[in-house]
Amino acid sequence: MFGAMTRVSGMKTGILRAQSRPDFRHIRNWVFDLDNTLYDAGNGVFSQIESRMTDYVSGFLGLARDQARRRQKELYHRYGTTLNGLMREHGCDADHYLNYVHDIDLSGLAADAALRDAVEKLPGRRFIFTNGCRVHAARILERLEMAHLFESVWDIRTIGFAPKPDPAAYTSVVEAGGVDAASPALFDDLPRNLGPARALGMTTVWLKTDAPWAKEGPLADTAPGDIDHETENLTQFLHNIRI
């Protein structure tokens, strides 16, 4: 009798544990932001990019660096990316800008085998969706040893330089991938980028970070219903979900 009760108790515990795990069994399209999502926001990669953005604005507009920093943030807040603002207001060449700001040192970025394994086990199709460029994405994915895991990189050119969180960006990428807009899960470190995805019916996951850029930019207010799940550790989260 005691043994039977123990087995029943064990079964109930197992059921409760399964039910407490986020249920992603309906997801067959997995969409990941790149910077500060597939690698830790504190490793200095994006801070290099931000610094080079300021340097570029300084040189391109002939501003002192402190003035360039303020101008960069003005453009970012108004247009979603510094590049978009420079293109619209100053006729900036996109390739010249992207090649400059992404010319950074990635020697401190290492592969995470546990994360790679978790992504590889996800059933269905996998994509990168970034406001950066595909060349930068390719360099990052190569360092992470994850390039082979993703079907496509949807970059700033794919979305016609209308960056996240512009709703048009999300329409562009699901059309580019031939994906039902309501079927993917989207993982992003910026909460403001999740609202338009949730409006289309996507399942949204916020990679929480205390980095200052997470609180900046356009449409920074996020409604409670925009975020389905949140985590501070993508690897643990992916290993825990039901798929």
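This is a predicted model: local features need pLDDT of at least 70, side-chain atom pairs count only at pLDDT 80 or more; totals for chains, interfaces and linings use all residues.

Visitor: What joins Lys164 and Pro165?

Guide: A cis peptide bond, with omega about 10°. As background, most peptide bonds are trans.

Visitor: Why are H2 and H4 called roughly parallel to each other?

Guide: Helix H2 (residues 45-61) and helix H4 (residues 82-90) pack at an angle of about 10°, their axes 11 Å apart. Angles under 35 degrees count as roughly parallel, so H2 and H4 get that label. On the H2 side the contact is made by Met53, Tyr56, Val57, Phe60 and Leu61, and on the H4 side by Thr82, Leu86 and His90. By class, those contact residues are six nonpolar, two polar and no charged.

Visitor: What makes Asn84 count as buried?

Guide: Its relative accessibility is 7%, and buried means under 20%, so Asn84 counts as buried. Asn84 is in helix H4, where Thr82, Leu83, Asn84, Gly85 and Leu86 are buried. The cover over the buried residues of H4 includes H2, helix H3 (65-79) and helix H5 (94-101).

Visitor: Which residues does Asn84 touch, leaving out those up to four places away in sequence?

Guide: Tyr79, Phe161 and Pro163. There's also Ile156, 72 residues away along the chain, with its C-alpha atom 9.6 Å from that of Asn84.

Visitor: Which residues other than glycine have a positive phi?

Guide: Asn36 is one of them, with phi near 65°, and Glu145 is another, with phi near 60°. For context, most residues other than glycine have a negative phi. Asn36 lies in the loop between strand S1 (29-32) and H2, while Glu145 is in the loop between helix H7 (134-144) and S3.

Visitor: What makes a hole a cavity rather than a pocket?

Guide: In a cavity a 1.4 Å probe fits but cannot get out, whereas a pocket is open. The count comes to one cavity of 30 Å³ or more, and the largest cavity has a volume of about 460 Å³. It is lined by 28 residues, with Phe46, Met53, Thr81, Asn131 and Gly132 nearest its centre. H2 gives the largest share of that lining, four residues. By class, the cavity lining has eleven nonpolar, nine polar and eight charged residues.

Visitor: And what volume does the largest pocket have?

Guide: About 340 Å³. Its lining has 21 residues, and Thr37, Tyr39, Asp40, Ala41 and Glu232 lie nearest its centre. That lining divides into nine nonpolar, eight polar and four charged residues.

Technical notes. Residues are numbered from 1 along each chain as its sequence is written. Side-chain values use heavy atoms; hydrogens and water are left out. Axes are lines fitted to C-alpha atoms, for helices over the stretch in contact, and angles run from 0 to 180 degrees between N-to-C directions. Helices (H or I, at least four residues) and strands (E, at least two) are DSSP runs, numbered from the N terminus. Angles under 35 degrees count as roughly parallel, over 145 as roughly antiparallel, 65 to 115 as roughly perpendicular and the rest as oblique. Contact means heavy atoms within 4.5 Å. Ala, Val, Leu, Ile, Met, Phe, Trp, Tyr, Cys and Pro count as nonpolar, Asp, Glu, Lys and Arg as charged, and the others, Gly among them, as polar. On a 1 Å grid over the protein atoms alone, a cavity is a set of points where a 1.4 Å probe fits but cannot get out, and a pocket is an open set with protein on both sides within 12 Å along at least five of seven lines; lining residues have an atom within 4 Å of a point. Grid points are joined across faces, edges and corners, and a volume is the space filled by probe spheres set on the points. Buried means under 20% relative accessible area, exposed over 50%, partly exposed in between (1.4 Å probe, protein chains only).
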